[in-house]
Every structure is written in C-alpha cells, then in structure tokens.
Amino acid sequence: MAAYIVRRILYGILLMAGVVILNFFLIRLAPGDPAEVIAGDMGGATAEVLASIRADYGLDQPLLTQLWVYLSGMLQGDLGQSYFFNRPVSELIAIRVGPTILLVIAAQVIAITIGTAMGVFAARKPGGLFSSVVSVIATIGYAVPVFWMGIMLVILFASIIPIFPVEGMADVRLRNDPWLTRMIDILYHLCLPAFSLGIIFLAIYARLARASMIDVLGADYVRTARAKGASEGSVLFKHALRNAALPIITVAGLQFGGLISGALLVETVFNWPGMGTLAFDAILRRDYTTMLGVLFFASAMVVVANIITDLSYRIADPRLRTET
Amino acid sequence: MSDSATTTTAEAQSPLREAWIMFRRNKPALVGMAILSLIILATLYGAFIFTGDAYDIVWAPHEPPLVTPEFPLGTDYLGRDLVAGLLTGGAPTLAVGAAAAAITMVIGVAVGALAGFFGGWVDNALMRFTEFFQVLPALLFAMVLVTLFTPSLTMIAIAIGVVSWPQTARLTRAEFMKIKNLEYVTAARAIGAKNGRIMWRVILPNALPPLIVSATLTVGVAILFEAGLSFLGLGDPNTMSWGLMIGSNRADFLEAWWPVTFPGVMIFLTVFAVSLIGDGLNDAFNPKLRER
C-alpha cells in the first residue's frame, strides 16, 4: 500500500510537470511578444517593465533554459508575479483557495448524499413513479447550465423568498463577532452557491446509484440478507449500497475536474471570493500569469482528488488492497 | 435472450434499421427530436417570420414581457428585442455545439482507436496523454485558450473540442479492445487486410453504436460549454448567442428577470432535447432492451 501511494504521488508530480510545460508553451504560442503577453493589459507596460519581465523569465536565454527556469520555479510554488494585481500569484491563490475548496466539497457532499439516496430509493421499484421522477430530475440536471441555475436561485431567494444571502461569503457587520457566529454566517452564505452546483451534479449520482443498485439488489447476497430477516434499511444501506458504492466513488473522482469548472461559474454568479472570481478578474485584465497560475493550481487539486479517490477505492474494495 | 424475439417483424433487418424501429417506439426520444427540430427550424427560419434585428435598439430598456404586443418577451438592458435575440442567438450556440462535438469525436476516436488497436506501449503512451488532459479542469483550460488566442466562434469550438475528447478516447479504446479479438477481425486479417483497413473499415463500423450515443451527449455538453464561455464574456463579442445574452444582462437581473431567464430556458430545452435523443439512441442500440 505504501509503495502504491508513493508511486501514485510521483505520477501526480509528473502530471503537474506536464501542466507546467503546457503553460510554458501556451504563452509562447500566443500571438505577440511573450514579455508583452505576460505583462498583459497592465496599462503602463514601459520598456523597463518589459525588460524586467524578460530578465525574470530569462526570455533572452535559449528556450530549454527558459523552460527549466519556469518549471523549477513552478514546482517550488513560485507561480510568477501578477503584473495586474502587483503581487505574487501564489499569494493571490492562497487567499482564494479556501473558499473554492469549501464550495466544491459542500457541493460534492450535497450531490453524493442526496443523489445516492434518490437513486437507492428509486432502485427499489425500478418502474415506479418515484423512479420515473428521479430519471426526469437526472435528465433535467444534465441539461441546466450551472450558472443559470445559480441566477435562478438568486432571483428566487433575493426577490421572491428572501431567506438566503445571495452574494459574497460573509456579512461584514459580523467581522468582530466570535468565530462560531462567523462560521455559521459563512455556512449560511454557502447554502445557495453549494446548492446551485450540487443540484447539477446530483443528477449524475442519482442515475448511477439507481443503475448500480438495481444490479446489486438482484444479487444472491441481498436475497440471503433478506432471507435472514435483515430489516429493509439494513439490506439497502448495509448490504446493497456498500457494493453499489464502487462506481459512485469512481465517478466522484472523475467528476472533480467538472466540479471545479462548475464552481468557477457559480462563484462569478454569487461573487464567492474563490479561484473562479480570481480567474475571471484575471481574464478580464488579460493577466495571463494569474490565469495560468489558477490553471496550474486547479489541476493540482484534480490530481490530489484523483489520488484520494484511488485510495478510497482501495479501502472500499478489499479485493484491491492486496495489490501493490 | 433468444434472437427470435428481437423485433415484431419476422424478417431479418440491418442493425441500424432495427435500432431505428426501437428509437421510433421511444416516446421521450421522439419528444426530444421534436423539440430539437423546432429549435433548429426557429433559429434557421424564425427571422423570416418574425422580422426584427437582434442588434437594433428598438424600445425602452427592460420592457417586461407581455406588455407591448410587438415585443412579447420584452427587451433587454439596451432595449433590444428579446424574441429577435433568441432567434438569432441559437445559431452560433448550435453551430459551436455541433462543431465542437465533431472535433471531440475526431480526436477522441483517433486516440482511442490507436490505443485500443495497437495496445502495448502505444496504448500506454496515449492513455498517459489522455490522463494528462483529464487533469486539466476543462472550462478553465478552454478559458485560457480562448483568451490567449482570438475569441472567435472557431476558436471556441476548437477549445471545447480540445478539452472534451478524453472520455470519447476511453470509450473508443474499450470498444476497440473488445472487438479486435472477434472472429470477423481475424478473418479480415487472414484475407490480408492491412491495419488501417481493419481499424477504420472493419472495427470502427462495429464500434459505432456507443460512439454515436456519446457524440450526441457531447453535443449537449459542448452547448453548455459554449454557453458558459459566452456567459463569462469570452465568446465572440460581435455574435449574439444565448450565453452572451445571459452574461450581458446579468448586471441587473434582480430588476429584470426576463433577459436572463428566456435564453437559459432555450439552452436548457436544447440540451434536454439532445439528451433525450441520446438516451433513446442508447436504448435503441442496446440489444438487451429490444425484447421489452
């Protein structure tokens, strides 16, 4: 197991090196002088600034040397300097990463728990009314643009039933309150963004859990459990769901990249101060260093999520544990 | 599962025809076809019936729907007619969706076919390459591509295609691995068919059903993608599209809900229709379901 984890982490680092190399060539493939591309629309990109960018990035060096400077810097956490925000990109991301992770995890939890529960109950009577309702919800969830879902929820909860905050992450009036009050305030602000994102992904899990449970509920061990007199709840959640959970875990890992993409859109709707709003600001200002920094960091999050998925897969499936 | 029970008609039929018969019996899929046909007709010919320029400022801003008969869905933040916008904004969305899906399929099928057919180090290398693309958050990567290069409809279609192909590649690879060991492939090889011919003329046609389903669903995903990019203001600023309509009206959607709501409904209906068709095709191609 330990050897497997080490191998998985090394492979992850290799993938990240790939992302850095891709970033490097993207800047150089973009039309125009790389120094000017890096400076972006900072306005007064004077000759001195361009010269300092050329020196920082070694743009007068051979291409391979440039790549090495860039690669070693990135892998050590130096994501470059944002010429628009006039701060290191790693600092900008450090402030924004927490809110994004909070949003993504909350949405994932909502999607997996509600989606799986819906799928499990739908699987009990595959032809029944509830099952059809779940199928319809699943198809709708696939077809709604996530940002539009957010906007509709804002309209609903801002003007029709004003019970949830629709903007930002915290109420500034509470900034001197005890931490518990502020924490609850953040969770309160999290409700709508997390639901907008969660509802979209819930569809996938409902569909998957339904299909997977229909398969499992016909298995011999489920019949045995019923014959032994296990309660319905125990049969569904202890015997069947544990076996139906493997595809759900796989998909949860695969969906992580999509979830981050969705979070970026949802953040801009709710002004959630995460990496999505940062990426959006960076793009409006053509601040490529920040943009590529966010791309790098978001990819790193996907790599980490994939490693965690692989490990939880092994924990959920005892058959995989003995393999190295 | 006996073969005799496949269709109601006794005579043997080609698999595609059989699938079409199945598809026709699938009500949701037909509803999807109807919705999509209506939307395509409306975007192609709607402007002839409902004459009005989507870019013209024709009335006061934020006129609510159903108030002025000439503008049944109201006007946007500039005072442009929303009906004209919806009719004009569909074409780029649909075109980008279709083009991006085509690019996705070409890259995905090529990579997946080579990996599945040759196996060994080719498979290994191509799959690592695929995994690498799966690590990049698709929307973010597409945003970067569109911003670095010019934001034209072509660039958007390319960007979406470049970020969406890995799943198609995996699916194609799995199909090719399954089919390449079947007897008819061995037979083709025995009569001297070259690798290229076996891949594209023998295996690919037999791998098509799941790929057609996947292509359909990819169109839906690509439309959502285009909408997301346009919403963020990364689309072609000179072309009206549903996503752009939502994005450009988002600043004051609390005062006027209609300019952001109707384009969203159109996107939803289009993708919904496409996914119903995809589900229908999936069932139609699935021999296990034919007996029902």
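Helix 6 of chain A, spanning residues 129-143, has 15 residues and reaches 21 Å from its first C-alpha to its last, close to the 21 Å expected at 1.5 Å a residue, where the expected span is 1.5 Å times one less than the number of residues. Helices here are DSSP runs (H or I, at least four residues), numbered from the N terminus. This is a predicted model, in which local features need pLDDT of at least 70 and side-chain atom pairs count only at pLDDT 80 or more, whereas totals for chains, interfaces and linings use all residues. Residues are numbered from 1 along each chain as its sequence is written, and chains are lettered from A and ligands numbered from 1 in the order in which they are written.

**Contact between the chains**
- Chain B gives 34 residues to the contact and chain A gives 37 residues, two residues being in contact if their C-beta atoms, placed from the backbone, lie within 7 Å.
- On the side of chain B that touches chain A, the elements giving two or more residues are helix 4 (120-135), helix 5 (138-148), helix 8 (195-231) and helix 10 (258-285) of chain B.
- The residues on that side of chain B comprise 27 nonpolar, six polar and one charged, with Ala, Val, Leu, Ile, Met, Phe, Trp, Tyr, Cys and Pro counted as nonpolar, Asp, Glu, Lys and Arg as charged, and the others, Gly among them, as polar.

**Domains of chain A**
- Chain A is divided into domain 1 (2-75) and domain 2 (94-321), with bounds that come from an automatic or database domain assignment.
- The C-alpha centres of domain 1 and domain 2 of chain A lie 33 Å apart, and 14 residues of domain 1 are in contact with 13 residues of domain 2.
- Helix 1 of chain A gives the most to the side of domain 1 that touches domain 2, with nine residues.

**Pro64(B)**
- Pro64(B) lies in the loop between helix 2 (27-49) and helix 3 (82-118) of chain B, and is partly exposed because 13 other C-beta atoms lie within 10 Å.
- Not counting residues up to four places away in sequence, Pro64(B) touches Gly74(B) and Trp258(B).

Terms used. Buried ≥ 20, exposed ≤ 12 C-beta atoms within 10 Å, placed from the backbone.
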